[in-house]
Amino acid sequence: MMLFQFLFSYLLLFVGLPMLAVRFKEKEEGWIDKLFVALVHSSLFFIIVIHLLVFIKLYETLSLLAVTIAGLVLADRLVNGNKSFVTTTLTLLYDLTDNPTNWRRMLDARIEAAKAASRGRGARLLAALRANWLAALCIAATLAYAAFVRFKHALTHLYFGASDAYVHMTFMKFLAENRIFAETIYPYGFAAVMSAVHKFFILDPYIIVRFIGPTCGMLLVLSIYFALRRVIGANYVFIFVALFVYVFYAGLPSNPWRQISALSMEYAAIFVLPGIAFLITYLRSSRMAQLILAGECLAITVFIHPYVAATLGIAYVLVFLCFWKTSLTKTSIVRFGSVMTAFGVVGAIPLVIAFLTVPAQDMSYLEENIQGTQSITLSRWIDVLASGNPLVLGMLALIVGYALFRWFASFGSKLRERQRSEPAVIAALALFFVFYWIQESAAYGLPTAIPSDRFGVSFALVAAMSLAVLLHLLIRSLPNPRLRRVAQPAVAVLTAAAVFASGNVIAAPEGGRYQYDDNVKVYLQLKEQFKPPFDEWTVVSPMEENHLVIGYGWHYQLWEFLRALEHPDESELKFETHHIFIFVEKVPLGSDTPVTEEEALVPFPEYEGADLTEYYYRNTEIRRILESKAYRWAESYMERHPESVDIYYDSPVLRVYWVRKGDRLEVDFLAP
């Protein structure tokens with residue numbers, strides 16, 4: 001139920017509503033074009049609008065709704081003129097008012113027109129399926145496995161699979177409170193996307209964070225489909241090859257475990273291949289709308305994640321240079337540079353404001369990943385290349401083979417007719433090799449600024465796309481049409497067999513566990529059972545519950561609670577909320593044995609470092625000490641105060657104690 005709630009809300013807001021205003025060309029009426037064009041426009045719109053509303057402290061559901069409606073009406077009118085949805089609707093209402101008896105006839109006419117359009121689209125879809133039924137079946141099976149890999153964790157566990165997902169949920173809640181850059185300088189674009197769904201549909205942020213990660217993972221897969229449809233057309237066999245390699249082959253650094261959780265870098269990466277495809281389409285057709293879409297993709301990535309923005313910027317420059325025959329003119333350079341600069345500046349404005357206004361700026365993570373040139377011998381380079389990814393070696397062999405073919409083959413008229421697509425092919429291959437050197441820069445002793453596990457997200461997408469483009473070029477260059485028809489499925493079968501034979505097949509990953517499913521279950525119960533302000537509640541627990549309860553209840557760190565109990569002279573433990581819920585792990589997370597009395601008697605572990613969460617909760621030994629102390633104290637307190645303490649939830653791994661304030665003004669846990 002939660003999954004369907006999220007998918008309906010997200011797709012309606014980011015795909016359904018924009019389609020009312022977006023005008024598609026005749027060749028862009030396929031579902032994949034509509035999906036990504038609408039997603040690009042809506043993502044940038046909501047990110048900009050939410051940032052503006054938060055900066056002026058007016059971000060509420062009504063304000064977002066009003067701005068969205070106004071923006072939709074304005075865009076619809078500007079783009080579609082007299083054929084806009086608003087104009088058509090107003091005309092229809094006027095006609096009905098003028099002659100109410102015609103409403104049935106007009107409604108029937110609308111229904112018939114809709115049916116005719118649906119029949120036309122259905123007929124085209126069936127014709128395409130009949131012509132490519134086997135490839136379509138293979139693509140559907142690949143997409144189904146991709147969905148299984150990405151959604152399995154979210155459907156089988158209540159907790160998030162990555163620690164960053166909890167942080168992004170907090171950022172989303174900060175935006176809801178008209179706060180931005182509250183604790184650190186970090187792009188809020190991803191939080192704005194999630195917040196739009198939260199504000200529009202009053203959907204629990206937990207549901208959004210739980211399912212947006214795997215949804216993002218599926219959009220990454222579909223971005224390959226979209227880009228290839230733009231670059232090589234409806235060659236579904238090689239589209240299947242690219243999707244299959246990306247979804248099944250673990251040799252690519254696609255990091256599927258990062259696609260099961262709400263992570264900003266993965267969401268930004270959705271727009272890498274579409275941006276490249278839009279730019280290629282512009283360079284082929286000189287349609288300004290495609291350049292604007294490419295610029296929008298760049299702005300979105302700048303808003304969301306700087307690593308992806310830098311990656312996309314490199315890709316744009318490479319693609320632009322590969323179309324040198326048409327792009328390297330003064331007009332083209334000025335147009336390309338001005339559009340990209342404008343969108344890049346728009347995306348960078350929030351971070352510029354943050355750097356100018358937020359005093360504490362921790363840049364250690366970026367600085368740690370910057371590496372200078374290292375001295376590496378040629379033999380070492382050869383060893384790294386030879387022992388590298390088989391896909392890289394295979395593509396090298398294919399490129400050499402094609403070069404030899406072009407050297408010896410006859411350059412007849414048919415081959416010349418196909419040369420129109422070669423700038424795009426050259427661009428795809430250039431992207432692959434430049435991205436490969438960036439990905440493996442540390443191994444080759446080259447300067448490095450982006451960690452390989454992060455850059456690998458974009459490299460895997462580009463590698464899958466480039467493989468399909470190269471295969472398409474090689475098979476298309478064969479002179480015999482019958483040979484081409486046989487070679488396509490043969491290459492697809494051989495590729496799939498090679499992936500399975502390698503044994504390096506992607507399986508559904510298990511995400512990291514930072515809390516039990518039981519903890520989330522209790523949070524969901526508390527949120528539904530106790531409604532502020534009449535039933536205010538506080539949770540005492542490790543850090544993860546803090547991210548969950550923001551906006552619904554209060555939170556107190558478990559390590560601070562226990563330290564205060566052991567040092568009553570240094571602090572106080574007074575709670576004014578109606579209910580206090582103390583989460584105690586009977587089997588501390590990260591271990592498989594219950595808490596012990598011996599661990600409870602160990603002196604409280606003091607720590608003066610900066611990362612308290614890492615020390616107290618990620619260190620299994622320290623966590624066991626804390627949970628043992630908490631269990632021993634809670635059982636003793638319940639015996640001494642049976643009238644105000646109950647067990648709210650109990651399972652083999654978690655016990656939640658419910659302390660009620662009752663008629664007291666406050667609960668003082670240090671009082672005798």
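Visitor: Which strands does helix α29 lie across?
Guide: In this predicted model, helix α29, made of residues 620-640, lies across β4, β5 and β6, and its direction runs at about 130 degrees to that of β4.

Visitor: And what is the strand order in that sheet?
Guide: The order is β2-β1-β4-β6-β5, which describes an open sheet of five strands with mixed pairing. Because β2 (554-557) and β5 (645-650) each have a single partner strand, they stand at the edges, and one side of each is left without a neighbour in the sheet. On average, and with direction ignored, neighbouring strands of this sheet are turned by 25 degrees against each other.

Visitor: Which strands does α24 touch?
Guide: Helix α24, residues 517-529, packs on the sheet and touches β1, β4 (579-585), β5 and β6 (654-660), while its direction makes about 125 degrees with that of β5.

Visitor: Let's look at β1, then: in what sense does β1 pair with β2, and over how many bridges?
Guide: Strand β1, residues 537-541, pairs with β2 in the parallel sense over four bridges, and within β2 the bridge partner of Thr 538 is Trp 554. The pairing of β1 with β4 is also in the parallel sense and also runs over four bridges, with His 579 in β4 as the bridge partner of Trp 537.

Visitor: Are the residues of β1 buried or exposed?
Guide: Five of the five residues in β1 are buried, so that the strand counts as mostly covered, with buried meaning under 20% relative accessible area. Trp 537, Val 539 and Ser 541 point one way from the strand, whereas Thr 538 and Val 540 point the other way.

Visitor: What about β2, which residues are on its covered face?
Guide: His 555 and Gln 557 form the covered face of β2, and Trp 554 and Tyr 556 form the uncovered one.

Visitor: Switching topic, how do α2 and α8 pack?
Guide: Helix α2 (residues 31-55) and helix α8 (residues 189-201) pack at an angle of about 85 degrees, and their axes are 9 Å apart. That angle makes α2 roughly perpendicular to α8.

Visitor: Which residues meet there, and of what class?
Guide: From α2, Phe 46, Ile 47, Ile 50 and His 51 meet Gly 189, Ala 192, Val 193, Ala 196 and Phe 200 of α8. By class, this contact has seven nonpolar residues, two polar ones and no charged ones.

Visitor: And overall, how many helices and strands?
Guide: The protein's secondary structure comes to 29 helices and seven strands, and 51% of its 672 residues count as buried. Among contacts between residues at least 6 apart in sequence, 75% join residues at least 24 apart.

Methods. Residues are numbered from 1 along each chain as its sequence is written. This is a predicted model: local features need pLDDT of at least 70, side-chain atom pairs count only at pLDDT 80 or more; totals for chains, interfaces and linings use all residues. Side-chain values use heavy atoms; hydrogens and water are left out. Axes are lines fitted to C-alpha atoms, for helices over the stretch in contact, and angles run from 0 to 180 degrees between N-to-C directions. Helices (H or I, at least four residues) and strands (E, at least two) are DSSP runs, numbered from the N terminus. Angles under 35 degrees count as roughly parallel, over 145 as roughly antiparallel, 65 to 115 as roughly perpendicular and the rest as oblique. Contact means heavy atoms within 4.5 Å. Ala, Val, Leu, Ile, Met, Phe, Trp, Tyr, Cys and Pro count as nonpolar, Asp, Glu, Lys and Arg as charged, and the others, Gly among them, as polar. Two strands pair if DSSP finds at least two bridges between them. Buried means under 20% relative accessible area, exposed over 50%, partly exposed in between (1.4 Å probe, protein chains only).
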